[in-house]
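Work through the exercises below with the model open. Try each task before reading its solution.

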Amino acid sequence: MGGSGSGKTTVLRLIGGQLRPSSGSVNIDGQIVHTLATDELYQMRRKMGMLFQHGALFTDLTAFENVAFPLREHTDLNEELIRTLVLMKLHAVGLRNAAQLKPAEISGGMGRRVALARAIALDPELIMYDEPFAGLDPISMGVTANLIRNLNDALGSTSILVSHDVKECFAIADYVYFLSSGKIVAHGTPAQMAVSTHPYVKQFVNAEADGPVPFHYPGKSLADDLGLHAGAGR
Amino acid sequence: MIARFLAAIGAWLRNSVQDLGFAVRSFFLIIASSGGLWRRPHLLIEQLFYIGSRSVLIIAVSGLFVGMVLGLQGYYTLSTFGATQSLGQLVALSLMRELGPVVTALLFAGRAGTSLTAEIGLMKAGEQLSAMEMMAVNPIQRVLAPRFWAGVIAMPILGGIFTAVGVIGSYLVGVVLIGVDEGSFWSQMQGGVNVWKDIANGTYVKSMVFGIAVTFIALFQGYQAQPTPEDVSGATTRTVVISSLMVWWLDFMMTALMFSK
């Protein structure tokens, strides 16, 4: 968890090998991600699923075709089996009956759920969620949060979720890390974090204006900008 | 002052070499990633439809009008020398050697090139290419390679269509409308056109080279674009400008190589 610009999405991209670390390394299942050759990296990504912030659905394909995409790319399953699997995944996210709709014909929240079905199409061992609750209404938010937790338990996978929605995250997460300016500033279980006295966590969890995270972008003061300091205008 | 000027030149040179290197690397990556098309030819066929078939109308209509204008202008010029019977040869050679491949390439850059750049740029802006990468699908292999080869295959066919329709246009104006002798029109054309030199080299080889250049520029600009509306629109404009300049330059070079005595 962390505020905007704290480095949450960057962490996901480092794990997925889409960014190269300037220092340090990411170790997944005994493999150092940035040292892998392209083929090895793609091989490793087959064990991963990622839900992008805005879904990143293929706009020229229907919901069905979007979910079928990774199955067609990575398996030799026949069409009948692909159909069964896709409908099961769409059923899991409650959109079996929207299978033939294109992304432009469904709402943002529904699109996010189709993207979730696509992310779990190959039953990945690691699922990454980039701001899955951003822009969702309270009902969709609650449904999505429960869906993520249930899918995680059903698939027996590892889930990494980045978000700044305190309530939803604390409700479904086992462990929380707080990021600020690219660094881990606090971590613990949701229960521990809820009562933490760490200034950053306290400000974030209680949505306080005062704290270590300034509201204003650092720079000159308003008085300086408007020339209101003593002696100005002489 | 001088140091700053030299630094600016140095930065420009470094960036230019870097961009060129990246473009060359991307070109070879597309070529190297093309093997998968043998396994899934439907990706290529799909793109041939979008890039090639959907460009036929504008190419054919343009060819018709260029041929008609050429027939008219050619007749006026040749009539001053009393050589209107050579109209067929004049029109055919102009279309096959130059106008056919060049105008087709310029139209192709405007019709299909901009569409490719915008499509790839918007796919990037919508994180579709990133999503593909995270699904262990190489976007160069899955998205760029089929589009590249579709452009390379479609261009010579479109060039041929432009030239053929252009000849029909000039026939309609020169023979049907103005009354140039039909026998002279076709026989002069038959006698003056060399199949290998004028049709194979002039139309098809030139068109294929233009197809490689225009399609690659369009794809590269889209792939390189920053995921913002301004940069995607800028990339679309760059596709037309760079492709057009490249077509003129390549045309001059190929004409010098193919038709010099």
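**Exercise 1: a sheet in chain A**

Task: describe the open sheet of three strands in chain A, with its order and pairing.

Solution. The three strands form an open sheet in the order 3-4-5 (chain A), with parallel pairing. Strands are DSSP E runs of at least two residues, helices are H or I runs of at least four, and both are numbered from the N terminus. Two strands pair if DSSP finds at least two bridges between them. Next, the edges: strand 3 and strand 5 (158-162) of chain A each have a single partner strand, so one side of each lacks a neighbour in the sheet. Then count bridges: strand 3 and strand 4 (residues 126-130) of chain A pair over four. Leu51(A) stands opposite Tyr129(A) in strand 4 of chain A.

The model is predicted; local features need pLDDT of at least 70, side-chain atom pairs need 80 or more, and totals for chains, interfaces and linings use all residues. Residues are numbered from 1 along each chain as its sequence is written, and chains are lettered from A and ligands numbered from 1 in the order written.
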